[in-house]
Amino acid sequence: MKHRLGFAGKKLIRIALLLLGVSFVTFLLMSASPLDPLQTNVGQVALGSMSQEQVEALLAYWGVDTPPLTRYAGWLGDVLKGDFGTSLLYRRPVLEVVGERLSSSLILLLSAWILSGILGLFLGVVAGAFRGRLPDRLIRGYCVVISSTPAFWLAILLLLIFSVWLGWFPIGMSVPVGMESSAVTVFDRLYHAVLPALTLSITGVANIALHTREKMADVMESDYVLFARARGEDARGIVLRHGLRNVMLPAITLQFASISEIIGGSVLVEQVFSYPGLGQAAVTAGLGSDLPLLLGITVITAAIVFGGNLVADLLYGAVDPRIRRGAAKS
Amino acid sequence: MEPILKIRNLSISFKQYEKGTKQRKIQTIRNLSLEILPGQVAAVVGESGSGKSLLAHGILGILPYNSQMKGEILYDGRTLDKKRAEELRGREIALIPQGVSWLDPLMKVGPQLFKGKKDAQTKTRYREALARYGLGPETEELYPFELSGGMARRVLIASAVAEKPRLVIADEPTPGLDERTAVRILGHFRELADEGAAVLLITHDLRLALTIADQVTVFYNGETIEKASPEDFQDIRRLKAPFTKALWTAMPEHDFKAAEIEGPGDVGGDA
Amino acid sequence: MRKQINQRQKAKILAAVVTVVLAAVTVCGILFTEAAMETDFLSRNQAPSAVHIFGTDWMGRDMLFRTLAGLSLSIRIGLLTAAISGAAALLIGIGAAVLGRKADASISWCIDLVMGIPHILLVMLISIACGRGFTGVVAGVALTHWPSLARVIRGEVLQLRQAPYILVAEKLGVSKMRISAVHMFPHLLPQFLTGTILLFPHAILHEASVTFLGFGLSSEQPAIGVILSESMQYLTTGKWWLALFPGLSLVLVVLLFAMLGERVRKLLDPASVHE
């Protein structure tokens, strides 16, 4: 137990350092940009008609007049106090915007994460067990085609089929246009989340299934499976008893590693479905040079990704007897 | 007495790519013939990596998909085809593999031995087998990585013995063991034969094989080059093939005699 | 008797065919770039027909030409970025394995950092830093695709370093750089080549995605991302062909690259001797 705590502690320190790195790199990239936030957001014409003081006030607002390092130090100091700054476009605290957007994205992310994980594991195990035969070819074909398909185009395709052509789902927005947000029911939210979640799941499955298939194929070629066959165990029993068990560990790592991919996919998919989630906010912040917001989004998603990796490592240690018992003994 | 296993002109080959796109057939076993009576230990001796294991897999019907088998295998007087092998393996015909890597690393020994069965009868059968080799019930709770090399071998032997097999195929059961443990493990095979089972011992270690075998088939480059009884190995003049002579000379106790007789001949040649 | 064609010969033929097709698309795209920009207000918003197989858009531009030009652009950017990424992966991977523990630790820290930010977000950020446009998207895609290949190469090199002939060379005092170049590189080549070719699909997809979001190529260029982004405005009015054909063609091109990578891997991978 002590060993495990020490392990987690070390990992936490590493994560903190990585997050510091992420924030610094993001900050550097944003402030290295030659794009002028005033021109993008206020416009050349409007700027021309402003007085010197007004322009200076805007420069100060967008932070263009402060040297980048001073600005970063200030930002970091505030973050340590729990303040991620104010979004320049939304004119609200970054944490508030991120919280709101994240909670709206959460249905998408979670359902896609779970669905693609279960389906990917299942398809991967089946393909690996039937390596080289028809089920394997079909599943692998699906995975290769899907991983060659841009997520946003798949989203457009689903939108064309289910919303425009069949009319089953709304074209966009997570709530019906013109409705008071308090009047929005859970059903409405879910209804609008179906297509984006579906898109994310379809794309997420491919990667997990392909990797699980590799592992499963390795397991099926292992000495212990050969021995199980030699001992007269039947094919079904071998897949369920030995295959699943040994594919489970890599599957844990795979599942938590897919968090980053799903968040990435949500950026594209939310854009197509104009779903007001975190991904859409990231695009808006990027296009509008809203440094505090984009910085906040990047650091918080990175924290989620690293957190996922940590959970995977800890789970791995709890599940794998070689680590669990090995550590207990030493 | 009728032989329990009769192998006639068995050939096993598999396809492999050479450099680029050329494909070739690799013949690992050519025209092997062998008979084992109940109560006998038959040793098949060949150098490491010569595909001896394929013989075991061929009998059990678990060859890899890119391989081909020709010839005839008779078990108990009837042809042993894939279907019959599937019915018999793990029951009448048992494999004892090399070592611990042949056990599922993530499953405890007990459930692994029981093959998913949970009835008391199966459990007792395996517990008795484990006990026979000095392994208590606590072994069932261990994971393979917690077994020592010798323990792992005894678990593997118990896995076969519990089924009371008529034919035991032991595939390289001794590498990585110290001399004493190896001799003890081989002793267990002799015991099984003495109780009436037929034992096919596949190994690279001629010297150890001679301690328990009733007949020895030496195998070089896929070809059977020598069939002999252990007594033949008392005297090098009774051995025919140069490779066997070389093996014989390589045995420590014959070291000094090597100088007295003519050299072992061209080992790496067309033997 | 007809000689039977085996898996590897098939792979060779297929790889050759795929390469020719991709090259043809690239050349056609360059030749048709002019035609892709040509407006014809008399034939606006036409559904696919014999004259315009992929239809026309709201400015009467032929969608087939636009798609070809876009694919060509994608392939060229893909080649450029995959080449840069591959070279970076090679250098970084070897560096991590050869330059000692500290270098290895810091490189693996950098890889963790890059992997921690969702990929598309990082491409966006780098593109912003370079002022978006062509430079932005090339930098963004090229600078984010090296980690996985670098890891593979690092592992390879670490294994190679234990090989007897490398150990001997080290004992003989051959310099690290020379060992890397003369003794290691030839052995890394298969992994490196396959890895780099397999970077293409990812590079192309990310270029299209980032351009679609508005962080990549400018809207005047007939890039697939631009075409699809524009098509979004016309979907509700039923102009499905604006999105369907360009997207489908992109999927095909990416699939071809993926197939090419697979075949090359099959040919070079020693582990596939049994198949």
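## Polar contacts between chain A and chain C

A polar contact is a pair of N or O atoms within 3.5 Å, where, within protein, one atom must be able to donate a hydrogen and the other to accept it. In this predicted model, that rule finds 3 residue pairs in polar contact across the interface of chain A and chain C, with both residues of each pair at pLDDT 80 or more. The elements of chain A that each give two or more residues to the side touching chain C are α1 (2-32), α7 (134-147), α8 (151-165), α11 (235-272), α12 (278-287) and α13 (291-319). Of these, α1(A) supplies the largest share, with 10 residues, and the residues on this side of chain A divide into 31 nonpolar, 13 polar and 2 charged.

The count of salt bridges between chain A and chain C is 1. In that salt bridge the side chain of Arg14(A) meets the side chain of Asp112(C), at 2.6 Å from N to O.

## Extent of the interface

The size of an interface is often expressed as the accessible area that is lost when the parts come together. For chain A and chain C the buried area is about 3,700 Å², and carbon and sulfur atoms give 80% of it. The contact draws 46 residues from chain A and 41 residues from chain C.

## Chain C as a whole

Chain C has 12 helices and 0 strands, so that its elements, read from the N terminus on, run α-α-α-α-α-α-α-α-α-α-α-α. Taken along the principal axes, the C-alpha atoms of chain C fill a box of roughly 75 × 65 × 30 Å.

## An aromatic pair in chain A

Over all chains, the count of aromatic pairs comes to 12. One of them is formed by Phe24(A) and Tyr72(A), whose rings are edge-to-face, with 5.1 Å from centre to centre and 70 degrees between the planes. Phe24(A) lies in helix α1 of chain A, whereas Tyr72(A) lies in helix α5 (residues 68-80) of chain A, so the pair ties together parts that are 48 residues apart in sequence.

## A hairpin in chain B

In chain B, strand β4 (residues 67-75) and strand β5 (residues 78-79) run antiparallel and are joined by 2 bridges. Within this pairing, Leu74(B) stands opposite Thr79(B), which belongs to β5(B). The two strands, β4(B) and β5(B), form a hairpin with 2 residues between them, and in the turn Asp76(B) has a positive phi of about 55 degrees.

How values were computed:
Residues numbered from 1 in each chain as written. Chains lettered and ligands numbered in written order. Heavy atoms only, no water. Contact = heavy atoms within 4.5 Å. Buried area = accessible area lost by both parts, 1.4 Å probe. Salt bridge = Lys/Arg side-chain N within 4 Å of Asp/Glu carboxyl O. Polar contact = N/O pair within 3.5 Å; in protein donor to acceptor, adjacent residues only side chain to side chain. Helix = DSSP H or I, 4+ residues; strand = E, 2+ residues; numbered from the N terminus. Nonpolar A, V, L, I, M, F, W, Y, C, P; charged D, E, K, R; others polar. Pairing = 2+ DSSP bridges. Phe/Tyr/Trp six-rings, centres within 6.5 Å; stacked < 30°, edge-to-face > 60°.
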